[in-house]
Amino acid sequence: MIPKVFKEIIDLGDGRTISLETGKLAKQAHGSVVVQSGKCMLLCTVVSNYKQSDVDFLPLTVDYREKFAAAGRYPGGFFKREARPSDGEVLTMRLVDRVLRPLFPKDYHAETQVMIQLMSHDEDVMPEAMAGLAASAAIQLSDFPFECAISEARVARVNGEFVINPTRSQLKESDLEMMIGASADSVMMVEGEMDEISEEEMAEAIKFAHEAIKVQIAAQIRLAEAVGKKEVREYQTAEENEDLAKRIHDLAYDKCYEIAKQGTSKVERTNAFAAVKEEVKASFTEEEIAEFGHLIGGYYSKAEKEAVRELTLSEGLRLDGRKTDEIRPIWCEVDYLPSVHGSAIFTRGETQALATVTLGTSREANKIDMPSFEGEETFYLHYNFPPFCTGEARPLRGTSRREVGHGNLAQRALKGMISEDCPYTVRVVSEVLESNGSSSMATVCAGTMALMDAGVEMKRPVSGIAMGLISDGDRYAILSDILGDEDHLGDMDFKVTGTSEGITACQMDIKIKGLSYEILVKALKQARDGRFHILEKITDTIAKPNTSVKAHAPKMVSKTIPGDFIGALIGPGGKVIQELQKQTGCTIVINEDPVTEEGIVEILGTNQEGIDAVLAKIDAITFKPERGSVYEVKVIKMLDFGAVVEYTEAPGNEVLLHISELAWERTNNVSDVVKMGDVFDVKYFGRDPKTRKEKVSRKALLPRPPREERKENKD
């Protein structure tokens, strides 16, 4: 039977469209949709179990995968099958998850999967920009309890004009690129990078993207109505007991308020809050515990949260005693690790990051091999968040999605400030050693100092800060440099990085509806003040990049050679370059410029003498004497019919000086004129048209004797 297909079209306004189609594929899923723009096609399916899980959270999995067949390619590596997700896929999963998760009911705990896959690739369409749209459209076709439709869009500014879902080529020319996630009435998620833009410009970009998102949401609703919107499923809702909630609130609220007001450390207040919770539990009889025990913890947490939030809103005080715009104490140190190429410690309150920098050649570039993009990064940052940094002991299960996301944010914050002239591949690694509030922003600060300590040329240093928001609808407080607890208890987590000139990256998650742009801009400006304060602490520690790399760090020299000499430098089977690396202790990498077809030689070494030796060898191999020019040579071999001479400026380059070109006089024996080791000048005449051999002459530089004398010498 031919399936009934429903379709909606979204006009992007510049000849491009996005279509939403359902009814043809994956009909056993609880919701499925195909999203297409150009030749790019995404299939999104959603399924949620009808039975609640025995957990107190939503077990939601968002999975995004790009199939290599979509681009007509094979997976790289030995196993020709897609395996673990790439970092790019993980980042897309996070972008979608962060917008979807808050819109499910807090008491909905059914196992839920959102699976998005790239089925057909288009070079001019970046598929991750449509992943959020696909996920929400599929959910609208399901019976899930879900608050409202959302969508995501990428916004860029190209030649001063905002563009929605730009092509990759447009993105290269943009000075601003952000992914925005929103419902029809509220912005919920922002993430992106910028070229030192202002707070007002960032707000304008968000507004522009939000208008495009409203159009995408309207199309989802039309599609769901055309198919026939399903009744929302029934599920076992959380048990409520208002009398119990009031009793616990009365027991705990004032005590929690006083603890919060004391401005203690994380460990001290955690222990104090735990003691209050135990007192609350102790006030119940065994019979009450048996009947209501599963509710007590949740109602206590609610009372604690209300107390902490009220303290901030009414008195402008925070858990650690700070005012709303106050930054925690900061101390920094550079050159901490003696053997690395660059290192720095950044400590802000109870958050600490140790960053290292490693310098390498293009061979160490980070290769990106995805169906939608192939390329490499010569600057990249890795972020590690071990369990001990929060005082926990838990299993290590590889790099988490959170670590990938936080590392990517810090990388985007810094990469635009690395000078285009930097010859190195640069890897930054951040080890988070303590965490209580925005270790990703500590990574940005530590990374900046480590780069400058390593002698990497930066346009300007970068600092970062995490902002928070607490609001009850009528009152609000913007918090600078939030704690981990304030992230959990607050209504916004807004990370901003930038230089003295403007914003370089941001990441924002908003938990409340209808955040006004007025509050958003105010938060951004308060963040700017905080960034400048932190930047001052950084530059007090290290004001500018070191003028040279460390003595034990490799020096990098790049040299361009004609393309036809690449083979000679490599040698048969790599013999020449391998021997040269062995003799000099340098690493030599040769790449061919695809446009000019010239060879780009990278020489990496810790010993300047070794680098100089490599350069001399390259000069010798690529040496091409010019017709009519004079060169100094040295005799290295004596023959009956001439002498083999070597150009002193290009050792290894030899040429035959024929006996007839030694002197104007008749020469019977070569040794009568020159001897081994003699150094003198010759003139280069190029190649003889008949013999194709190079010709040099000593006599051409000597005074020519009179005609009669020449005749006598000949006789």
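A salt bridge is a side-chain nitrogen of Lys or Arg within 4 Å of a carboxyl oxygen of Asp or Glu. By that criterion, 44 salt bridges are found across the whole structure. This is a predicted model, in which local features need pLDDT of at least 70 and side-chain atom pairs count only at pLDDT 80 or more, while totals for chains, interfaces and linings use all residues. Residues are numbered from 1 along each chain as its sequence is written, and side-chain values use heavy atoms, with hydrogens and water left out.

Helices are DSSP runs (H or I, at least four residues), numbered from the N terminus.

- Arg-528 and Glu-199 form a salt bridge at 3.3 Å, N to O.
- Arg-528 belongs to helix 11 (residues 517-541) and Glu-199 to helix 4 (residues 199-227), so this pair ties together parts 329 residues apart in sequence.
- Lys-525 and Glu-200 also meet in a salt bridge, at 2.9 Å, N to O.
- Here Lys-525 lies in helix 11 and Glu-200 in helix 4, 325 residues apart.

**Accessibility of these partners**

Buried means under 20% relative accessible area, exposed over 50%, and partly exposed in between (1.4 Å probe, protein chains only).

- Lys-525 is partly exposed at 31%, and Glu-200 is partly exposed at 36%.

- Arg-475 and Asp-472 form a salt bridge at 2.9 Å, N to O.
- Arg-475 is partly exposed at 32% relative accessibility, as is Asp-472 at 41%.

Key:
Helices (H or I, at least four residues) and strands (E, at least two) are DSSP runs, numbered from the N terminus.
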